[in-house]
Amino acid sequence: MIRFNRSVFILLLLTLTAGPLHAVPDGTQDKLLYDKHCSICHSMSPPPKSAPPILGITRHYHQAFADRNDGVVHMVKFMKKPDAKQSKLEAAAISRFGLMPAMTLSDKELEAVAGWLWDSYDPNFKSPGNCAD
Ligand code: HEC
């Protein structure tokens, strides 16, 4: 009887402690970074908030860079020190929304969120044809 109780207890303990380790699948954490640090200004798709929507940005980045790593490196550099001359968007985007403020996230977080942004590319996304993309 005592042995039975102990194994039930251990099983319960394993179930409780193992649960949270599997709660966040790969990729979700990078989306959480967007939710926390970017979604205040960037919507995923039109209508825009106070910045161009993510699907338009990633389309411009896929046009500007053939290689994921090159696109991610450029985004990280831009987010640390935004510079209109380095922008991969149409010039009208900056006149409409202003330049993005510098981000103070760690390099690791910036790389993760930039990778997530690159991977959010949707070839079927049609921009509304104004500077919001
Ligand atoms: C306070 C508002 C604000 C926040 C917060 C913000 N952005 Fe931006 N972002 C902008 C604006 C405005 C632009 C358009 C002008 C520009 O390109 O600088 C922009 C442009 C961009 C661009 C395109 C840069 C280019 O080539 O011109 C990327 C990539 C980007 N944001 C990613 C992010 C990510 C990822 C986050 C979160 C970590 C984020 N932004 C948070 C306002 C914001």
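**Figure 1. Residues surrounding the ligand in the predicted model.** In this predicted model, the ligand is surrounded by 27 residues, of which Cys-38, Cys-41, Ala-51, Ser-87 and Met-100 are the closest. Sorted by class, this shell consists of 21 nonpolar, five polar and one charged residues. At least two residues of the shell are supplied by each of helix 4 (68-80), helix 5 (91-97) and helix 6 (107-119).

**Figure 2. The protein as a whole.** The protein contains six helices and zero strands, so that, according to the definition used for these elements, their order from the N terminus on reads α-α-α-α-α-α. Of its 133 residues, 20% count as buried.

**Figure 3. The largest nonpolar core.** This core has 16 residues, and those that touch the most other members are Ile-57, Met-75, Val-113, Ala-114 and Leu-117. Helix 3, helix 4 and helix 6 are the elements that give two or more residues to this core, and the largest share, six residues, comes from helix 6. For Val-113, once the neighbours within four places in sequence are left aside, the contacts are Asp-30, Leu-33, Tyr-34 and Cys-38; of these, Cys-38 is also listed with the residues closest to the ligand.

**Figure 4. Helix 3 and its cover.** Helix 3 comprises residues 54-64, and its buried residues are Ile-54, Leu-55, Gly-56, Ile-57, Thr-58, Arg-59 and Tyr-61. The elements covering these buried residues include helix 4 and helix 6. Ile-57, one of the buried residues of helix 3, is also one of the core residues that touch the most other members.

Figure 5. His-60 has its place in helix 3, where it is partly exposed because 18 other C-beta atoms lie within 10 Å, whereas a buried residue would need 20 or more. Not counting residues up to four places away in sequence, His-60 touches Lys-88 and Leu-89. The C-alpha atoms of His-60 and Ser-87 are separated by 9.9 Å, although the two residues are 27 residues apart along the chain; Ser-87 is itself among the residues closest to the ligand.

**Figure 6. Helix 4, its length and its buried side.** At 1.5 Å a residue, the 13 residues of helix 4 should span 18 Å, and this agrees with the 19 Å that separate its end C-alpha atoms. The buried residues in helix 4 are Gly-71, Val-72, Met-75, Phe-78 and Met-79. They lie on the same side of helix 4 because they cover an arc of only 130° around the axis. Helix 3 and helix 6 are included in what covers these buried residues.

**Figure 7. Phe-78 in helix 4.** Phe-78 is found in helix 4 and counts as buried because it has 20 C-beta neighbours inside 10 Å. Along the chain Phe-78 and Ala-102 are 24 residues apart, while their C-alpha atoms are separated by 8.0 Å.

**Figure 8. The cis peptide bond at Pro-47.** The peptide bond that runs from Pro-46 to Pro-47 is cis, with omega near 5°. Most peptide bonds, by contrast, are trans. Pro-47 is found in the loop between helix 2 (28-37) and helix 3.

Methods. Residues are numbered from 1 along each chain as its sequence is written. This is a predicted model: local features need pLDDT of at least 70, side-chain atom pairs count only at pLDDT 80 or more; totals for chains, interfaces and linings use all residues. A residue is near a molecule or strand if its C-beta atom, placed from the backbone, lies within 6 Å of it. Helices (H or I, at least four residues) and strands (E, at least two) are DSSP runs, numbered from the N terminus. Ala, Val, Leu, Ile, Met, Phe, Trp, Tyr, Cys and Pro count as nonpolar, Asp, Glu, Lys and Arg as charged, and the others, Gly among them, as polar. A residue is buried if 20 or more other C-beta atoms lie within 10 Å of its own, exposed if 12 or fewer, and partly exposed in between; C-beta atoms are placed from the backbone. Two residues are in contact if their C-beta atoms, placed from the backbone, lie within 7 Å. A nonpolar core is a set of buried Ala, Val, Leu, Ile, Met, Phe, Trp, Tyr and Cys residues joined through C-beta atoms within 7 Å. The expected span of a helix is 1.5 Å times one less than its number of residues. The arc is that of the directions from the helix axis to the C-beta atoms.
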